[in-house]
Amino acid sequence: MYFYRKNVSSVLAVALAVFIMMSTVLPAFSQSVPPVLLFDRDNGFVPEYALPDVEEREPSSVSDFEQDSGKPGIKDWLFAGAGVLASNAALFSFNHFVMQAEYAEVDGDTIYDNLSHQWVWDQDTFVVNQLGHPYQGSFYFCSGRANGLSFMQSLLCTSFGSVTWEYFCENERQSVNDLICTTFGGAAFGEVLHRLYLEAHEQKSPFAFILSPMDALTGVITGKTQSRGQDDGITSFQNYLMIGSVFENEDTDSPETENSIVFPVNFSGGFNLEYGNAFTCRKNVPYSFFTMDVLVGGTKDYFAVSIRTEGILYRLGTGYTDNGRYMLGCSMLFDASWKKNTAFSVDGLGLLYRMNSEYDNGFSVILNANASWVLFGGNDYYNLYSGNIKLPDDGVERRLYDYGTGFYTRCELTAGQKSFGTFGAKAMFCGLFSFETAVPAYGSDGFALIFNGDLSYDHIITKNFSLGIDGNLYTKYGCYYESENVFQTVTAVSLYGKRLMK
């Protein structure tokens, strides 16, 4: 097996630990928040727009993408930069002294070598590049936000942190993909964690620092903490644990035979939340409304990790229908999924449409639709990932996935009624076209068309427990100009019992 798959257990352990930590922090300051998009234990399905109306806010006096507190001064920039460098120093020290990692053996020669050579596309694994670097970038971003920098200004912090890390904290050649993932993924993660930290801090949660250590450290050093301001905070939160059975079937047109397997017992945990009100959030303040969904699960021979965030950068407008309300806005998203047979991630900018409706028979319907340009995306290069193309050095870390740009569309429909239950339908279609210079070793440039569809039904049995069924279809057509094309289909069906932890 490749290095990529040998590290599954350790990576899952870390991901599960992060999930448990966040799941212990978030409920502590969201107990008073009525559920949205989900069944309220006492009142049934409650759509967001049916909650008490929040008064429309006047347009903010600050310019677009500007922090409420105004323009930061030189001292704020210096503290933000110092926080970025301190974050790099702490991570480097851990890699060098604790992990004793070979890539952390840095001296004057390695730094000079990095400074005198061009940037490259590295060969690191999917979980390191597409999940690890965005999280690392969130520390840089939060250092800026904690010191009063705006959303756009904090992007400079993520770029500064990534560049200094690549040049001075590793002996490997500086990486283009790390710079991109750290900057844009760090912003998508960082703004979410920054706002959740402010929410937790305002509620005096003793574990708030888990969400954003840089915010907490900045508060201790400067004695100042940013305010949540006019925003509504968390308007919906649910965390849960599930146990069930999974049937999975993988079929391709490659020489490999069809593979079907049943996992009798599959454990998973997740949470989903909404921050702010999509229809009344401040239109020119990034992430005054955002959503976040996290799921971690698996057994001995199966694993699934998915993380998705999307935030409004600018609310273009809202309106009313006969049965509800709708909103259109510019958004930024991060969507990553890493499973036993697939790997996929995108950083994108686009448009988000949301509509909430309620009908006389008690049914409530919520529609979310997104159309985005993929700034930077990654997906498994199937012939390498599956082992159809043998690598000369088995066990050596190599990049088994491709980088590209393209388009991303997603549509989600949730319908519910207290006696009926909750029905969900999701569909994602993405096209990624390879960066020719970024093709992995033994790979080929080309393009990939990916469809991911999901149907689910969930019915509450008691106040805290529900039963459900979920079906998923993942289809990918990989066209490789210098290698065999692949048509891959993965279907999975799971039956589960869900325990609401809140």
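This is a predicted model: local features need pLDDT of at least 70, side-chain atom pairs count only at pLDDT 80 or more; totals for chains, interfaces and linings use all residues.
Gln153 itself belongs to helix α6, which covers residues 151-168. Is Gln153 buried or exposed? With a relative accessible area of 18%, Gln153 is buried, because the cut-off for that label is under 20%.

Lys204, not a glycine, has a positive phi of about 60 degrees. Its place is the loop between α7 (176-202) and α8 (213-222), and Lys204 is exposed, at 72% relative accessible area. Tyr287 also isn't a glycine, and its phi is positive too, near 65 degrees. You'll find Tyr287 in the loop between β4 (259-275) and β5 (290-298). Tyr287 is buried, with a relative accessible area of 0%.

## The second largest cavity

How many cavities of 30 Å³ or more are there? The count is six. The second largest cavity holds about 60 Å³ of space.

Which strands each supply at least two residues of its lining? They are β10 (401-417), β11 (421-434) and β12 (446-460). The lining includes Asp402, Tyr403 and Gly404, along with Leu432, Phe433 and Ser434. Gly446, Phe447 and Ala448 line this cavity as well, as do Asn379 and Tyr480. By residue type, the lining splits into six nonpolar, four polar and one charged.

Methods
Residues are numbered from 1 along each chain as its sequence is written. Side-chain values use heavy atoms; hydrogens and water are left out. Helices (H or I, at least four residues) and strands (E, at least two) are DSSP runs, numbered from the N terminus. Buried means under 20% relative accessible area, exposed over 50%, partly exposed in between (1.4 Å probe, protein chains only). On a 1 Å grid over the protein atoms alone, a cavity is a set of points where a 1.4 Å probe fits but cannot get out, and a pocket is an open set with protein on both sides within 12 Å along at least five of seven lines; lining residues have an atom within 4 Å of a point. Grid points are joined across faces, edges and corners, and a volume is the space filled by probe spheres set on the points. Ala, Val, Leu, Ile, Met, Phe, Trp, Tyr, Cys and Pro count as nonpolar, Asp, Glu, Lys and Arg as charged, and the others, Gly among them, as polar.
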